[in-house]
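Student: I have a structure to go through before class. Can we walk through it together?
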Amino acid sequence: MNKNLISPTNSEYIEFDFDPNDEKKSYLSIIDSLLYIQNLQYGSYVSASGSISKNMELGLHEAFIGTSSVDLIVYNKFDVLYKQIQDEVFRFKRFISSEFKISENILSKIAQTISKLNYCAISFDLSSDLNFSVRIQLDSYYLLIVNIPISEPEFFRDNQVFFSLFHANELLITFKKEFNELIEGILTLNS
Amino acid sequence: MIPNNENYPQQIIPKVTYKREIDISQINSPPLNFILARRSLKDHNNTFDNLGYLRRDALVNKLSDAIGLSMYFVTKIHNDNFIKFRTFNSASKYWNEGVTVKFSDYSKYFEIITPYCPIYFNLNDIDRKKIPYKKNFAKKEKQKILEKLNIDINQIDNFELTGETKIKHKPIILNYWHVELHIESDKLIDRGKIISDIKTKWKERLVEYAVSDILTIHGKRKIQKNYTNEMPTHLYKESINKFLLKRFNTIMKNLFRIT
C-alpha cells in the first residue's frame, strides 16, 4: 500500500477546528472520529468533527496523540478496496477443495470502478457458485448490491453486472447494466 | 457432528390430530409475525458479512439448493434450539395426515450438528414476494431514479421472467414444523407451476433473484422481538368432530378395500 504521511494542518486533506485553549479535547475528538470511521469501516468521505478527503482512508493504528500534532497515515482508496477484495478471496479459498484462481485484472477492475463511489460501508461475498457480490451501503437507506458472475468471464468482459438497488431493505430496481454506467448513475442519485 | 446422545424433542413430531398442512396464506399478514429458522451451512464467522447480510454459501451450497429450501417455524413448541437436530433417511420423508409416528422407528435417523449457527427470517419478508421483487414506490420517484440510471421504464415493467416465492408447510416424519421455499413461475406457459430445477436460463435467473434479492437480504442473525410464537391451534389441529369423521372414513375405506 502507498502510505502518505500528512499533517492535519494540510487543508487539502484534513480540516479540523482546533481550539488553542482546549487542544487535548480537539485531539480526542479526532481520535473519536477515527474510531467511528474505523468501526463502521467507512471507505470514503466522512463528515465528523472535520472533513477527510473522499479519496483517502485513514489507518487508525497509525494515528496517535502528540503534544503538538497528530500524524495520520492515509491510504489510497483503491488500495483499501483491493485489499478487502483480496481478503474475501482468501476467506473463500479456505472453504473450497479445488484450486481457485481469479484474474487480478477482474479484481482490480472491480476495485477501480467502486472507488469512484461515495458510500458508508461495503462488504464482499464470494460464493461457491462463483458469484461475486458487492454490497454497498450508500447511506442510511440506500443499499446497492452488484452481482458479478465471475464464472462467466465473457459476461464480465463487456463489463456487464447485475445490480439491485434497495431502499430500507425494499427492492426498488433490479436490472443488468454496464458497471461504469451504473456507478456513474448512482453518483447522480443524490444530486 | 456428534452422536445422537441427546433426547430428540418429541413434541415436534406430528400427531394424528394434526392437519396435513397449515395454510400459510392465513398467517402471513401483520400483525402476525412468524419467524422461520434455518441452520447455517457455515460457522458463525462465515454466516454473515461485515454489514450483517447473509452470505450466500451459508444459505446454499449451490443455487439449485434454494429450490425447496428447508426451514422451520419458531414457536413455543418448536424452539429455535431444535434446529441443531438434523433428520435424514426415512425421518425426513413427508408426513401423511392421520399417520401415527412411532419415534422408536426413527430414533436412528437424526444427528446433532454442533456448533450450529441459526439464520432467522420473518415469514412476511420472504413469502409471496414477486420476483424480480419490486417495491410499489411512487411513479415520479421511480421515474427519477430510472432516469438517473439511464434505464428505460418499459424495460423494467416488462420483465418476461417473473415469479413468486411461496412458503409451503411440509411436515416431515420427525418434524411437523418444517416448511419449504417454493418458487412459482408466472411465465405464461408455466403459470402457477413450481420451479423444480434450474436447467433453463430463465429459471436460473428467477432462483438467483430469490436468493440475492430476498433471502440474503432478509436473513437475520437474531430473532426479532415481539414475534408471534404461538400458532393458533385451529390452524394445525383438526376439530374433534372433523377428526372423528376423517378416522371413520379411513376405517370404512380400509374395510371395503379388504372385503
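**Two chains, one model**

Tutor: Start with one residue in this predicted model: Glu180(B) touches Gly68(B), Leu69(B), Ser70(B), Lys168(B) and Lys170(B), leaving out residues up to four places away in sequence.

Student: Which element does Glu180(B) lie in?

Tutor: Glu180(B) is part of strand 8 of chain B, residues 178–185.

Student: Is Glu180(B) buried, exposed or partly exposed, and why?

Tutor: Glu180(B) has 17 other C-beta atoms within 10 Å, so Glu180(B) is partly exposed. Being buried takes 20 or more, and being exposed takes 12 or fewer.

Student: How many Å separate the C-alpha atoms of Glu180(B) and Ser107(B)?

Tutor: Their C-alpha atoms are separated by 23 Å, and the two residues are 73 residues apart along the chain.

Student: And how far apart in space are Ile96(A) and Asn169(A)?

Tutor: That pair is also listed by C-alpha atoms: 31 Å apart in space and 73 residues apart in sequence. Ile96(A) sits in the loop between helix 2 and helix 3 of chain A. Ile96(A) counts as exposed because it has 11 C-beta neighbours inside 10 Å.

Student: OK, chain A then. How many helices and strands does it have?

Tutor: Chain A has five helices and ten strands. It has 191 residues, of which 32% count as buried. Of the contacts in chain A with a separation of 6 or more, 45% are between residues 24 or more positions apart.

Student: What angle do helix 2 and helix 3 of chain A pack at?

Tutor: Helix 2 (residues 77–93) and helix 3 (residues 104–114) of chain A pack at about 135°, and their axes are 9 Å apart. That angle is why helix 2 of chain A is oblique to helix 3 of chain A. The crossing of these two helices of chain A is right-handed.

Student: Which residues of the two helices meet?

Tutor: From helix 2 of chain A, Phe78(A), Leu81(A), Tyr82(A), Ile85(A) and Gln86(A) take part. From helix 3 of chain A, the partners are Leu107(A), Ser108(A), Ile110(A), Ala111(A), Gln112(A) and Ile114(A). By class, this contact has eight nonpolar, three polar and no charged residues.

Student: Which residues of helix 3 of chain A are buried?

Tutor: Ile110(A), Ala111(A), Thr113(A) and Ile114(A) are the buried residues of helix 3 of chain A. They cover an arc of only 165° around the axis, so they are on the same side of helix 3 of chain A. Glu104(A) and Asn105(A) are exposed on the other side of helix 3 of chain A.

Student: Why would residues three or four places apart point the same way?

Tutor: An α-helix has 3.6 residues a turn, so residues three or four places apart point the same way.

Student: What covers the buried residues of helix 3 of chain A?

Tutor: The cover includes helix 2, strand 7 (131–137), strand 8 (142–149) and helix 5 (179–188) of chain A. Helix 5 of chain A has its own buried residues: Phe179(A), Leu182(A), Ile183(A), Gly185(A) and Ile186(A). These cover an arc of only 160° around the axis, which puts them on the same side of helix 5 of chain A.

Student: Switching to chain B. How many helices and strands there?

Tutor: Chain B has seven helices and eight strands. Of its 259 residues, 31% count as buried. In chain B, residues 24 or more positions apart account for 77% of the contacts with a separation of 6 or more.

Student: How many residues of chain B are in contact with chain A?

Tutor: 25 residues of chain B are in contact with 29 residues of chain A. On the chain B side, helix 1 (56–59), helix 3 (139–148) and helix 5 (201–218) are the elements that give two or more residues. Helix 5 of chain B gives the most, with four residues. By class, the chain B side has twelve nonpolar, four polar and nine charged residues.

Student: Last topic, the backbone. Where is the cis peptide bond?

Tutor: It joins Thr114(B) and Pro115(B), with omega about -5°. Pro115(B) is in the loop between strand 4 (110–112) and strand 5 (118–122) of chain B. Most peptide bonds are trans.

Student: What is phi of Asn226(B)?

Tutor: Asn226(B) has a positive phi of about 60°, although it is not a glycine. Asn226(B) lies in the loop between helix 5 and helix 6 (233–236) of chain B. With 7 other C-beta atoms within 10 Å, Asn226(B) is exposed.

Note on methods. Residues are numbered from 1 along each chain as its sequence is written. Chains are lettered from A and ligands numbered from 1 in the order in which they are written. This is a predicted model: local features need pLDDT of at least 70, side-chain atom pairs count only at pLDDT 80 or more; totals for chains, interfaces and linings use all residues. Two residues are in contact if their C-beta atoms, placed from the backbone, lie within 7 Å. Ala, Val, Leu, Ile, Met, Phe, Trp, Tyr, Cys and Pro count as nonpolar, Asp, Glu, Lys and Arg as charged, and the others, Gly among them, as polar. Axes are lines fitted to C-alpha atoms, for helices over the stretch in contact, and angles run from 0 to 180 degrees between N-to-C directions. Angles under 35 degrees count as roughly parallel, over 145 as roughly antiparallel, 65 to 115 as roughly perpendicular and the rest as oblique. A crossing is left-handed if the near helix is turned anticlockwise from the far one by less than a right angle, and right-handed if clockwise. The arc is that of the directions from the helix axis to the C-beta atoms.
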